[in-house]
Amino acid sequence: MKIGVIIFVALYEIITIGIVSMLIAKRKKAVGEESFALGGRSLGTWAIGTTMCLTLLGSGHLTGTFEGCLTLGATQIWHVMANGFAMALGAYTLYRWCRRMRITTTGEVASKLYGGELAVLIAAVNIAVGWAVTSFETQAMGIIINSMTSIPLKLAVLISTVIGFCYVVFGGTKQVAMLNMINVIILYVGMFGALAFILVQLPGHNFDTIAAHYAANPDAYPNFLLFTGGKEHFLEVGIPVLIAPFFAHSAGQQTIQTAASAQSEKALKRVAWFVGPMNVIIGAISICLAMTARTLPQFAEFDNKLVTTRMLIELLPPWFIAILFAAFVAALLSSFGGFLIGPSTIITVDFVKRFYKKDMTEKQEANCIRLFIGIGAVVCGIMAQCLPTIVTMFTWIYSFMIPVWFLFMFGLWWKRNLKVGITAFLLSWIVATVWTFFPQLPNVIGLGGVHISYVIIVVSLAVLIIGNLVTKGKPGYFKSEEWLNSEAHRIYLEEKANGNA
């Protein structure tokens with residue numbers, strides 16, 4: 001049965017990747033070379049929405065949520081909702097404004113707003129975040145393969161690395177987007193089907209016995225079924241779990257690059273109406289499945305990282321396991337592709353093209369991005385061999401993107417001062433590093449237990465607000481002559497006149 005499942009999923013991925021790659025190659029012959037990084041800025045609403053949704057709907061919503069909710073309880077849903085909030089708000093605000101600037105990377109945004117020094121710093125942090133998350137996706141795919149085949153986890157991680165590399169390397173952003181439009185259907189069929197199959201096997205065909213189990217064990221599972229987990233837990237865990245990914249996905253390369261690929265602002269704005277719920281529903285189903293698995297005595301021997309996948313393998317019919325396995329792999333590959341192509345694009349555009357070869361052709365740029373996709377896949381495959389709890393790590397790494405969001409918003413609409421921007425960025429990082437690696441120091445000043453997200457918000461906002469008030473600076477970019485005299489502004493006016501902005 002397991003061999004059959006593997007063959008089914010392997011054939012599905014080979015066929016879909018092969019067909020999409022051929023279609024992209026055929027289009028290139030017909031219309032000429034398109035941007036590997038942006039897909040020719042031709043993606044419509046459904047392509048943009050499914051790509052954003054599935055890029056953020058990987059290990060954090062599946063294996064990460066399977067594991068995380070067994071520690072955090074129902075509060076885990078706030079991590080899931082953060083992605084929905086970020087995409088819905090971003091489609092009307094920062095994503096749209098960055099696309100309007102006709103940029104490719106977050107480093108280019110920073111360069112236009114502040115200058116090259118800050119652009120390098122923001123590009124670097126996006127590379128770190130992208131590779132970190134790609135490592136999580138690689139680990140998650142390894143867990144799924146290990147659960148299905150009993151292949152050793154480290155070998156399964158290596159297999160995952162190879163599959164993920166193939167997912168993105170041939171056609172770039174357009175390839176990922178076209179595959180995502182197919183994979184989102186498989187994912188929804190798989191997740192809703194799994195929920196239905198598990199539900200009919202529970203007493204009364206509902207979750208009453210599951211709820212009763214957690215209610216009867218308050219010491220082991222305190223406030224596990226509460227949406228907030230209790231006031232103290234919500235302030236210490238729930239809100240930080242929401243804050244960190246919200247800022248990371250609002251100002252991260254993985255979403256802004258996708259938004260920059262949109263064929264129009266109008267297409268991008270439509271995304272706000274469906275991409276949030278589409279994303280959150282999968283996370284909610286994952287929580288239901290995981291909390292059910294933990295209560296079933298036959299799976300008590302498995303740890304939180306593996307218990308849910310083991311339950312699904314044992315309780316679902318073999319033919320449906322193949323569909324569910326394909327759904328998991330599709331979601332994880334989508335995130336893998338989105339987060340891997342982002343750093344590769346940044347390295348190419350913000351470093352190689354900026355400092356070494358400014359006259360790159362589209363073909364040379366595509367080949368350079370492919371090279372760094374390969375390097376990134378190797379690096380992430382090595383990192384994925386040993387990682388901590390996925391959602392805990394997400395919250396930590398995403399926190400470092402908080403000052404980037406404030407820098408972009410202030411720079412677009414209020415004031416731009418390079419020294420203030422660099423100070424806010426570096427000071428946030430210094431404080432965050434101290435908070436992370438020297439946890440005894442916050443205790444000395446009476447702030448022990450205060451989450452890193454709160455600290456970075458206060459530090460970055462304080463420096464930016466006070467710094468901009470007491471120093472001179474350029475006006476917000478969209479209020480400046482730079483913008484009004486730019487080619488991007490001319491294109492924006494044309495789009496607006498045609499009803500597409």
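These exercises work through salt bridges in a predicted model.

**Exercise 1.** Find which helices the salt bridge between Glu265 and Arg100 links, and decide whether the two residues are buried or exposed.

*Solution.* 
1. Start with the contact. The side chains of Glu265 and Arg100 meet at 2.8 Å, N to O.
2. Glu265 sits in helix H13 (residues 265–271), and Arg100 in helix H5 (residues 94–100). They are 165 residues apart, so the pair links distant parts of the chain.
3. Check burial. Glu265 and Arg100 are both buried.
4. Look for further partners. Arg96 joins Arg100 and Glu265 in a network of salt bridges.

**Exercise 2.** Classify Arg310 and Glu314 as buried, partly exposed or exposed.

*Solution.* 
1. Confirm the pair. Arg310 forms a salt bridge with Glu314, with the closest N and O atoms 3.4 Å apart.
2. Locate both residues. Arg310 and Glu314 lie in helix H15 (residues 307–315). Their spacing is four residues, about one turn of the helix.
3. Take Arg310. Its relative accessible area is 17%. Buried means under 20%, so Arg310 is buried.
4. Take Glu314. Its relative accessibility is 48%, so Glu314 counts as partly exposed.

**Exercise 3.** Work out which parts of the chain the salt bridge between Arg416 and Glu482 ties together.

*Solution.* 
1. Start with the contact. The side chains of Arg416 and Glu482 meet at 2.9 Å, N to O.
2. Assign the elements. Arg416 lies in strand E1 (residues 415–416), and Glu482 in helix H23 (residues 481–484). The pair therefore ties together parts 66 residues apart in sequence.
3. Check accessibility. Arg416 is buried at 3%, whereas Glu482 is partly exposed at 36%.

Technical notes:
Residues are numbered from 1 along each chain as its sequence is written. This is a predicted model: local features need pLDDT of at least 70, side-chain atom pairs count only at pLDDT 80 or more; totals for chains, interfaces and linings use all residues. Side-chain values use heavy atoms; hydrogens and water are left out. A salt bridge is a side-chain nitrogen of Lys or Arg within 4 Å of a carboxyl oxygen of Asp or Glu. Buried means under 20% relative accessible area, exposed over 50%, partly exposed in between (1.4 Å probe, protein chains only).
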